[in-house]
Amino acid sequence: MEEFSEPTRQSIFAIIMIIQKRIGIIIRQIWPIAIVFLIGGNASGRKGHLLIGTIVLTVFSAIWSVISYFKYYFYIQNDELIIEKGVLSKTKLNIPFDRIQSVNFQQNVIHQVLQVIKVEIDTAGSAGSEFALDALSVEKANRLRDIILTRKAEVAEDKSETLIDREEVQHVIEEPEEQILKLSISDLIKVGISQNHIRSGFFIFFAGGWIMSQLNEVGFDFESQYEAYFENAITMGLVATLIIVLFFTLVSFSVSLIRTIFAHFDLQVWRRGDKYRIIRGLFTRKETSAVDQKIQIIEWADNPLKRIFKYFDVRLKQASSTAVNAKQSILIPGCQLGQIDQLKLNWLGDKALENIENHSVSIHYFYRRILYRVLFSILLSAFLFFIQSWIFWPSLLLLPYFILTSWVSYQKISYAVNHAVLHTTRGIFGNWNSIMPLYKIQSVVLDQSPYQVRRELANVTVMTASGKLKIPYVELALAHQLKDYLLYRIESDPRDWM
Amino acid sequence: MQAPFQNTQIDLDDIPSQVELHYSRMEKSYLTYGILFSFIFWVAVILILFFGKGFVEFAIPQVIEYLLWPVLIFLLIGTMGYSYFSFFKEGYALRQKDIVYKHGLFWRSIATIPFSRIQHCEVKEGPIQRLFGLASLHIYTAGGNSSDIDIPGLNPERANELKQFVLTKIKSEEEE
């Protein structure tokens, strides 16, 4: 009899993982209160209450975790993965194999020490339809995944009623796995240095705001402290502001560097048959997989810093039932042009990239883009002039900035279509590329603003199962031709988009 | 089984074009519905403001009050006019392999969904639309909200016929 046909419990270590998860939740709930108690030391009697409360809560949730571990079973029956769980109310989940999109592995530090794996199962249902086994031994996890994926492939073949060569399936599995990319420590540091630090600056800003609002809620008074601080800042003047800006930049820089190292440590991309396996992470090792069929768009982007190192961030955007979330869009940083070419070749085939030629868009894209920005900057400057703010002079810089960025944006935006793929390029400081095979298009929209109606221009937008690609400001006749051609290609191609 | 690979050259003039497509209009009652809806909405706003301003405690500047009424009247006439003229810009068409829906007077849009990309479709009848004998056909794709289309202003029978037609088309596409 096949493995997992009997109701099976997870690895005994799952108890630890469940407890750890629960304690994490408790800490997230009560940390602001805890800080208040710890800092506002005088009410020492209450400290004891808090301690007792926390201990009771922790013990209770530990007991609950143990019980729920013993009440949690999974098994395989009739090509379905079945999960039975629940302490008080029982739940039985049936997950048919053909609904399973991917089986992903994750290991945090504790998992690594205990030699277990968290198995996450993504399905094609609506949002939140993912299931996880908190801990399975490494061998069991691998066997479970193999069983699910092999049976899933067989079920799919049976359904399409085409005769398959079992040998061929076998052949694919036995094919050796090929390493496509591996980031060394020095690569990783370069990737970290070339992150978008402005974005991590925002991240810190909002995280700080969140922490403060949490503390505010339990009675910390930040506002009076703000005021004192700002009064000081004004008297200290420019030097202080500079120091603060410098400090903030430094913090943003180190945060994005550390985040990159944590998330992408020892990144490896492997390929076997039509499937990628991506492993990464320092403390939490994550293993995700992506199948060619499920990938809808491949994107690669750089920025001025990345250009120095000749690195690109690559995103494999997979189809998802709801909006594209981070999980369905797999980020591979530190790819070089050669590796991107390899990815494209694997995914699209060598014939798909023949005779592809870039086209620019109408100059009206530039005019239109610049109009509102110039109007806005003039109005803003005028307003600042009248209220006699000192920001008036710096605000004048906005005008050349907008003109310059609009021009660069116009210069960089382009599209290319051939018999098989659509490729768009855009960007201001960086270059953002998206490529997709035409048969994965879901629908085509041609639209015009009143300005475009007058100038006989139109936008062509291509919708896919993981976002859209837009070709703006092309001549109306050409836009119609383009749309007709895309539709012809979609409708004459017998291949399934997924 | 895959068909042998072919890559013959395509003459761009031979590709079926949508430019001269004949679009079916929405029901006449959809026009009435649109105009009446704008009328009732803006008249209600005007009445509420007219009778409600007595209850407002702070003084409204004279300039705003003088400007307010012409603006509201303009919006009333404008939206009614928009409902009228945009009616003639709205329409849908079926081709052998796809469904096309266009709409918009100032901002125009033509959306096309191939039958082979439709996930499912449903007929929707709102309570107010039902008073006017109207229904809409909502067509879902895997592209999510922005790629779905909603064809309003159909009579319910027509909407169901369309739905049946689309469903059989999806089936036959799948069998191919």
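pLDDT is the predictor's confidence in each residue, on a scale from 0 to 100. For chain A the mean pLDDT is 83, with 87% of the residues at 70 or more. This is a predicted model, in which local features need pLDDT of at least 70, side-chain atom pairs count only at pLDDT 80 or more, and totals for chains, interfaces and linings use all residues. Residues are numbered from 1 along each chain as its sequence is written, while chains are lettered from A and ligands numbered from 1 in the order in which they are written.

Helices (H or I, at least four residues) and strands (E, at least two) are DSSP runs, numbered from the N terminus. Within chain A, strand β17 (residues 432-437) has the highest confidence, at 96, and helix α5 (residues 166-174) the lowest, at a mean of 50. Where pLDDT is low, the predicted coordinates should not be read in detail.

Now to the domains, whose bounds come from an automatic or database domain assignment. Chain A has domain 1 (14-174), domain 2 (292-361 + 413-492) and domain 3 (364-408). The centres of domains 2 and 3 of chain A, taken over C-alpha atoms, are 31 Å apart. Their contact (C-beta atoms, placed from the backbone, within 7 Å) takes 8 residues from domain 2 of chain A and 5 residues from domain 3 of chain A. On the domain 2 side, α15 (450-455) and β20 (467-475) of chain A each give two or more residues.

Chain B is divided too, into domain 1 (28-86) and domain 2 (91-175).

Terms used
Contact = placed C-beta atoms within 7 Å.
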